[in-house]
Each structure stands twice: as structure tokens, then as C-alpha cells.
Amino acid sequence: MLNYFRFLDSDYFPSGVTAVLSKKTECNLSRTLPFVVLHLSCLSVFLTGWSPFALYLAISLYFIRMFFVTGFYHRYFSHKTYKTSRVAQAIFAALGTTAVQRGPLWWAAHHRVHHKLADKEGDVHSPVRSGFLWSHIGWMTSDCYMPTDYSKVGDLVRYPELHLINRFDWFFPILMGIAVYCLGEFVGKSHPDWHTNGWQCVSWGIVSTVVLFHATAAINSLAHTVGSQPYSLEDNSRNNFFLALVTMGEGWHNNHHKYPTLVRQGLEWWQIDLTFYLLAALAKLGVIWDLRCTPQSHTETAVFESQPGTREITVANSAK
Ligand SMILES: [Zn+2]
Ligand SMILES: [Zn+2]
């Protein structure tokens, strides 16, 4: 009985984490099942129907959770582009899990490897080396990428609360699902003319989650294949205006690979970066501070605190 529940722990691997991490990089077909189920679940909207309320809720859940991913998972846990309190970082971690993109430490560990080896041998999701489909979704079906490699996130795992949230990354998404159902039931009963209900809102919440997944994954695939390259780098990262709009600023990916520890990714006034604007608002409220807005002494140091030595990136202002 106890063994059954151990599968709820994302750190539990019967053959041991080290053995799984050293497995060959290849698709495990059984790991495509959760993706297939999630995508097929979107068809439930044909059973539950739609309403303006359910649609607005889905769009709101998309943008709110996109910010959790970009503002917290990416710009805080992966790159430490600003500082915050221990309580706030735990809240950021919990909120981030509602995007259903695994735990914050898992996310950050893989993302740090991506920056370290961008489009080179060992990059987790390079469309240049491994093809578009692999970079977009395929890599997540490989056994070797299932565990969290804590050696990449030593600066985060030392907080037991972050480790716990990472291990049980399903907990807050389930809680959110229940909250969405209850909200739909409440609104449906209090405003019968809005023609909504709990299951309808849950169905549209799933659609929102799937679209959110693909928009985030597009940064790994499209933002390394389609767009402009104002900075000449060793990787294939691109700036893409459309992606920047749908991902709240992450589409300025060439800028980001150039300056990975800057809190803002839209560097020109016209490069819309909604995540940065919201983080600036959080800074005004005192929730976060020490936002890194300018390269320091023309030298950026990426966050690989757990690595032997750090990677230095020279950032002379040399646009191509
Ligand atoms: Zn990239
Ligand atoms: Zn990054």
C-alpha cells in the first residue's frame, strides 16, 4: 500500500535516480500517455459546452499562470534575476506548479543545462541538434529527463519547503482544479443566465493548460528556429515578436541568451515584456527587490552555483 503512494513522489525511482539519469536519451512511448490524455481531455468541451464566463476564465488562467512560469520559474528560480523573501519564494514555487509543468526545481535544473549547452551537445531541447518535435515535446518523454538533477539547483534544494513542493508537484494543480470546479458551480447557481457550471469551467481550464504548455514549449522550439538574431551568439536563439506577445516577453529569446541574468528580456522600448512590467510592479509593492536591469561591469555571470566554477559571459554592447 505504502509503495503505491510512493509513486506520488516525483523523487521516487525504483531503480535509483542515478541509474535513470544515466539512461539513453530516447522517447519512452509510455511517457507520451499523460500528454495524449491531456490533449484528448480538451474534447470534453464538446460535452460541457461553452459560456462567456468559462472562456474568460480560461484566458485569465492562461495569462496568470504564464506569468507564474515566466516571472517565477524562469526569471527567479532558473536565473535569479531578482531577490525575494523565503516566504515569497515558497509561494512563487507553489503558484508555479499550477501551470502543470512539473516542479520549480525540475524546471530550473533543465533550463540551466539548456543555457549552459545551448544548441550544443548535451542541450536538453535543441531543435537544431535533435529536431523540432523533440525540442517542443519529445524530450519530456525521455526517462533520463524525468528526475530532478539536484546537483544543478543546489542553491534552491537547500530550502526544504521548495524540495517538498518539487516532489509533490501535483498537489497545487489538483487544488486549483477543485477551486475552478467550485467557482463554476457557484457562479452557475448564483447567475443561472450565465449558463456555466463546474465541469464546464474545468474543461476550459484543461484547454487553457494545454495552450499554456504549447506556448511555453514554443520558446524551446520556435524561439530557436524562427525570428531575428540581433546578437551574434554561438546558439540559434531568436527574437520573435509574436512569441513575445503570447509568452509575456519570453519571445525576446536572443536577447535573453545574450543577457541571461537580466530581469528584462525586452531591451528596446518597443520590445513588449509584460513579465518585466509585472515584476516591476511587485518590486514597487516591496514583494521583490534588487532587480538586475543592467549588465554588471559588462560581465554577466549565469547562475550555476552548484557547478564547479561559474560560467562567465562577456556582454560588450555589440549588437550585430
Ligand atoms: Zn533558449
Ligand atoms: Zn532562460
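Below are legends for several close-up views of this predicted model.

**View 1. Helix α5 meets helix α13.**
Here we're looking at α5, residues 52-78, against α13, residues 198-221. Their axes come within 8 Å and cross at roughly 40°, and the crossing is right-handed. On the α5 side, the contact is built from A54, L55, L57, A58, L61, Y62, R65, M66 and V69. On the α13 side, look for Q200, C201, W204, G205, V207, S208, V211, L212, A215 and T216. Sorted by type, the contact residues come out as 14 nonpolar, four polar and one charged.

**View 2. Helix α6 alongside helix α11.**
This pair brings together α6 (residues 86-97) and α11 (residues 160-167), with axes that come within 10 Å and cross at roughly 5°. That angle is under 35 degrees, so α6 counts as roughly parallel to α11. From α6, the contact takes in A90, A93, A94 and T97, while α11 brings E161, L162 and I165. Five of the contact residues are nonpolar, one is polar and one is charged.

**View 3. The largest nonpolar core.**
This view zooms in on a core of 31 residues, the largest nonpolar one in the model. The residues with the most contacts inside this core are F68, F72, Y73, F77, L105, A108 and L156. At least two core residues come from each of α5, α6, α7 (104-116), α11, α13 and α16 (274-284). Helix α5 gives the largest share, with seven residues.

**View 4. Y73 and S78 on helix α5.**
Setting aside residues up to four places away in sequence, Y73 touches F68, S78, G96, P104, W107 and A108. S78 also sits in α5. Seen from S78, and again leaving out neighbours within four places, the contacts are Y73, A108, H111 and R112. S78 has 25 other C-beta atoms within 10 Å, so this serine is buried. Further along the chain by 151 residues is Q229, and the C-alpha atoms of S78 and Q229 are separated by 23 Å.

**View 5. S135 in helix α9.**
S135 belongs to α9, which covers residues 132-136. This serine counts as buried because 27 other C-beta atoms lie within 10 Å. Beyond its neighbours within four places in sequence, S135 is in contact with H125, S126, P127, S130, N220, S221 and H224. For a sense of scale, S135 and Q89 are 46 residues apart along the chain, and their C-alpha atoms are separated by 29 Å.

V100 lies in the loop between α6 and α7, and its phi is near 60°, a positive value in a residue other than glycine. D119 is in the loop between α7 and α8 (127-130), with phi also near 60°. V100 has 19 C-beta neighbours inside 10 Å, so V100 is partly exposed. D119 has 20 C-beta neighbours inside 10 Å, so D119 is buried. The cut-off for being buried is 20 or more.

Terms used:
Residues numbered from 1 in each chain as written. Chains lettered and ligands numbered in written order. Predicted model: local features only at pLDDT ≥ 70, side-chain atom pairs only at ≥ 80, totals over all residues. Axes fitted to C-alpha atoms, helices over the stretch in contact; angles between N-to-C directions. Helix = DSSP H or I, 4+ residues; strand = E, 2+ residues; numbered from the N terminus. Parallel < 35°, antiparallel > 145°, perpendicular 65-115°, else oblique. Contact = placed C-beta atoms within 7 Å. Nonpolar A, V, L, I, M, F, W, Y, C, P; charged D, E, K, R; others polar. Left-handed = near helix turned anticlockwise from the far one by under 90°. Core = buried A, V, L, I, M, F, W, Y, C linked by C-beta atoms within 7 Å. Buried ≥ 20, exposed ≤ 12 C-beta atoms within 10 Å, placed from the backbone.
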